[in-house]
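Please read the following explanation alongside the sequence and the coordinates.

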Amino acid sequence: MNENKVVAMLLAGGQGSRLKTLTKDIAKPAVPFGGKYRIIDFALSNATNSGISDIGILSQYKPYLLNTHIGIGSSWDFDRNTGGLRNLPPFTSEDGGRWYTGTANAIYENIDYLDEIDPEYVLILSGDHIYKMDYNELLKFHKEKEADVSLAVIEVPWEEASRFGIVNIDNDNKIVEFDEKPAVPKNNMASMGIYIFNWIKLREYLILDCKDKESDHDFGKNILPKMLADGSPMYAWNFKGYWKDVGTIRSYWEANMDLLYARNKLNLYDRDWRIFTRNKNLPPHYVAREAVINNSLVNEGCHIIGEVNNSILFSDIKVGKASLINDSVIHSGCIIEDGAQVYNAILTEGVVIKAGEKIGADDGRIYVVSDEGILIE
């Protein structure tokens, strides 16, 4: 992306309340995923692989663990003398301190940062989706269409369409209507929350939106509909790869389980498009002679004596003798003692399942275990 100056702004301040206990103490983008990563790693790695050299991280809700994970961005090659990664939390100004009040407001509050970089394009990203995308393809489409803003879109299941911003387009992929979370969607072409704007145009609309006392200061609710109403050329770029909005307990569990399918489209083993993360530098995992592991991902530092089937194990987990784990996501530091059984579960960090205890069942429900107890979804 060196031909035209692009800066990415990654919105990473969400609470993710529908993930319930998983986001009790951490922001949604910092939630562990896939045995090794955190959710935000995917957007950060996409930016790195796409050649973006400037990225701002806009954090807000319980940011400590997220900021610790990201650090200065060295894991994603963003620790640069010029450009690189900048953490952009809410701040105090002469008008007083305040939280970001919406996605558009978060960008508006950092106009000074963007003006200093003086980009031609601003790429808006969300830190809570699982996907691999070459942002150069979106930029190429945006330039070809001579658009003011281009949206990455994807077809979602009809039953989920009302959760998203839905775009209606003409034969040239020009957006003619944008419905933010409609009760009765006209189609299932959903915005992915990934936008690329011409900075001059976006800056103009952010300033106008700030002055509107009735605005929610949100891209989907305010900025995009206003630009469309004003006749700004807006286009939809259809993304064909894997994408998952892990906004619920079930979608989070399903996205982890997707990694275990032999033909999963995400393909974490693609050496040409790696997903980078902060390494804990733990010792190799140990598998005892009597242990059984089938169709599972097992990270560093694990000590396995029992049986693990179709599951995701993060780091430093102990699986005791004659214990059983099926169809589950086990976060770091958990202990499954001798003879314990775990089915269809998500165990949050540091949980201990006592010897002989049974958690969950093969009944289609998801059992989330934390220090607060068991939540059944």
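Contact here means that heavy atoms lie within 4.5 Å of each other. The model is a predicted one, in which local features need pLDDT of at least 70 and side-chain atom pairs count only at pLDDT 80 or more, while totals for chains, interfaces and linings use all residues. Residues are numbered from 1 along each chain as its sequence is written, and side-chain values use heavy atoms, with hydrogens and water left out.

Leaving aside residues up to four places away in sequence, Ile194 touches Leu123, Ile124, Leu125, Tyr131, Met133, Tyr135, Leu138, Ser150, Leu151 and Ala152. Ile194 belongs to strand β13, residues 189-198, where helices (H or I, at least four residues) and strands (E, at least two) are DSSP runs numbered from the N terminus. With a relative accessibility of 0%, Ile194 counts as buried, a term that means under 20% relative accessible area, whereas exposed means over 50% and partly exposed in between (1.4 Å probe, protein chains only). Between Ile194 and Gly83, which are 111 residues apart along the chain, the C-alpha atoms are separated by 21 Å.

Asp148 is found in the loop between α5 (135-144) and β10 (149-155). Asp148 is buried yet has no salt bridge, and the nearest side chain of opposite charge, Lys201, is 4.0 Å away. A salt bridge is a side-chain nitrogen of Lys or Arg within 4 Å of a carboxyl oxygen of Asp or Glu; as to charge, Lys and Arg count as positive and Asp and Glu as negative, while His and the chain ends are not counted. Beyond residues up to four places away in sequence, the contacts of Asp148 include His142, Phe197, Lys201 and Pro233.

Leu375, in strand β31 (residues 373-376), is partly exposed, with a relative accessible area of 27%. Not counting residues up to four places away in sequence, Leu375 touches Lys20, Ile366, Tyr367 and Val368.

Turning to the aromatic residues, rings of Phe, Tyr and Trp (its six-membered ring) pair if their centres lie within 6.5 Å, with planes under 30 degrees apart counted as stacked, over 60 as edge-to-face and the rest as tilted. By this rule the count comes to nine aromatic pairs. One of them joins Tyr37 and Phe42, edge-to-face at 5.8 Å centre to centre with 65 degrees between the planes. The rings of Tyr195 and Phe197 have their centres 6.1 Å apart and their planes at 75 degrees, so this pair is edge-to-face. Ring pairs also link Phe33, Tyr37, Phe42 and Tyr252 into a cluster.
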